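Hi,

Here is the structure I said I would pass on.

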Amino acid sequence: MSESFPRNPGMALDESWFDGVQVNRSAAERRADQIGTRRGVKKAHQAAWLVQAIRCIDLTTLAGDDTPGRVRRLCAKARQPLRPDLVEALGIADLGLTTAAVCVYPTMVPRAVAALEGSGIPVASVATGFPAGLMPLPLRLAEIRYAVEEGAAEIDIVITREYALTGQWSRLHDEIAAMREACGAAHLKAILATGELGTLTNVYAASMVAMQAGADFIKTSTGKETVNATLPVALTMIRAIRDYQDRTGTLIGYKPAGGLRSAREATVWLSLMREELGLRHMQPDLFRIGASSMLGDIERQIEHAVTGRYAALSHHAAA
């Protein structure tokens with residue numbers, strides 16, 4: 001992850017920043033329905049946007065049957081996310097196109113680090129009892145330290161949903177702050193598991209608490225919930241980011257994850273970032289997409305932009 005902006009130093013909990021804030025779900029849904037519909041992304045512009053989406057992908061494998069071989073294939077795809085002939089046709093050989101990161105379980109971190117050596121691609125690791133997070137805090141902190149010691153440059157933690165659901169904001173803040181400290185130099189992405197927080201008001205409050213506790217990114221989902229990344233939730237979290245930045249001047253990143261598969265979705269999420277936070281937040285140090293199968297569809301759509309033909313999904317290398 002780029003160090004082009006200062007880390008989030010965090011601050012003491014200040015509930016006045018979110019206490020009394022009520023998010024109108026109907027209004028959020030109406031605004032979300034407008035995202036990506038007012039101006040389409042076509043032809044050459046579409047290819048450029050999809051290349052940018054690739055630069056923002058955290059290419060992910062978080063399956064119970066992960067193997068070293070699967071992780072090596074994932075890392076090879078991260079190094080070369082587009083076929084060489086498509087890179088040449090687009091004239092982007094000098095770009096050095098890669099995905100933003102590779103995201104794996106802690107035990108797979110050393111495999112990914114070895115496979116990505118010399119590429120500049122960071123390894124992200126989920127931790128803290130992912131996906132439920134229902135482990136004693138000392139064990140969750142130890143898992144963070146293990147992943148960092150093995151070479152992870154980014155840590156995706158999960159929060160204790162109970163604290164958000166019951167309004168125990170001080171406990172949530174202190175937990176995330178302890179995780180931030182355990183990360184050391186590694187960036188912390190706080191997964192809010194928004195599909196399990198009940199209301200958009202809770203989502204806003206949990207977002208603000210996570211940022212006050214020092215999270216460098218806030219992230220929608222583990223990908224294991226029934227409901228994952230949705231645009232109304234995204235809008236709520238992004239408005240919290242904007243409010244936090246207005247108060248502190250600190251830039252905070254955003255990461256949707258869970259169920260994101262199509263190139264079309266990639267351009268919608270980029271449109272959301274552009275419309276709500278501006279061009280600066282379309283860069284991979286401030287925006288990530290947690291995905292695995294999405295990259296295959298992006299490559300397919302880029303091939304269509306280049307050749308005018310659609311190839312079968314099987315024609316594109318997969319991790």
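**What I found**

Start with the threonine side chain: a polar atom of the side chain of Thr99 sits 3.3 Å from the backbone oxygen of Ala101. Bear in mind that this is a predicted model.

Thr99 itself belongs to the loop that runs between α4 (84–90) and β2 (101–104). Setting aside neighbours within four places in sequence, the residues in contact with Thr99 are Ile54, Arg55, Ile57, Leu59, Ala78, Pro81, Ile121 and Leu295.

Next, Cys75, which you'll find in helix α3 (residues 68–79). Not counting residues up to four places away in sequence, Cys75 touches Val102, Ala112, Ala115 and Leu116. Cys75 and Thr98 are 23 residues apart in sequence, with 9.9 Å between their C-alpha atoms.

Then there's a helix pair to look at. Helix α6 (residues 137–149) and helix α8 (residues 169–183) have axes that come within 9 Å and cross at roughly 25°. With angles under 35 degrees counting as roughly parallel, that makes α6 roughly parallel to α8. The crossing of these two, α6 and α8, is right-handed.

On the α6 side, the residues involved are Leu137, Arg140, Leu141, Ile144, Arg145 and Val148, and they meet Glu175, Ala178, Met179, Ala182 and Cys183 of α8. Sorted by class, the α6 contact with α8 has eight nonpolar residues, three charged and no polar ones.

Cheers

Definitions and conventions
Residues are numbered from 1 along each chain as its sequence is written. This is a predicted model: local features need pLDDT of at least 70, side-chain atom pairs count only at pLDDT 80 or more; totals for chains, interfaces and linings use all residues. Side-chain values use heavy atoms; hydrogens and water are left out. Helices (H or I, at least four residues) and strands (E, at least two) are DSSP runs, numbered from the N terminus. A polar contact is a pair of N or O atoms within 3.5 Å; within protein, one must be able to donate a hydrogen and the other to accept it, and residues adjacent in sequence count only if both atoms are side-chain atoms. Contact means heavy atoms within 4.5 Å. Axes are lines fitted to C-alpha atoms, for helices over the stretch in contact, and angles run from 0 to 180 degrees between N-to-C directions. Angles under 35 degrees count as roughly parallel, over 145 as roughly antiparallel, 65 to 115 as roughly perpendicular and the rest as oblique. A crossing is left-handed if the near helix is turned anticlockwise from the far one by less than a right angle, and right-handed if clockwise. Ala, Val, Leu, Ile, Met, Phe, Trp, Tyr, Cys and Pro count as nonpolar, Asp, Glu, Lys and Arg as charged, and the others, Gly among them, as polar.
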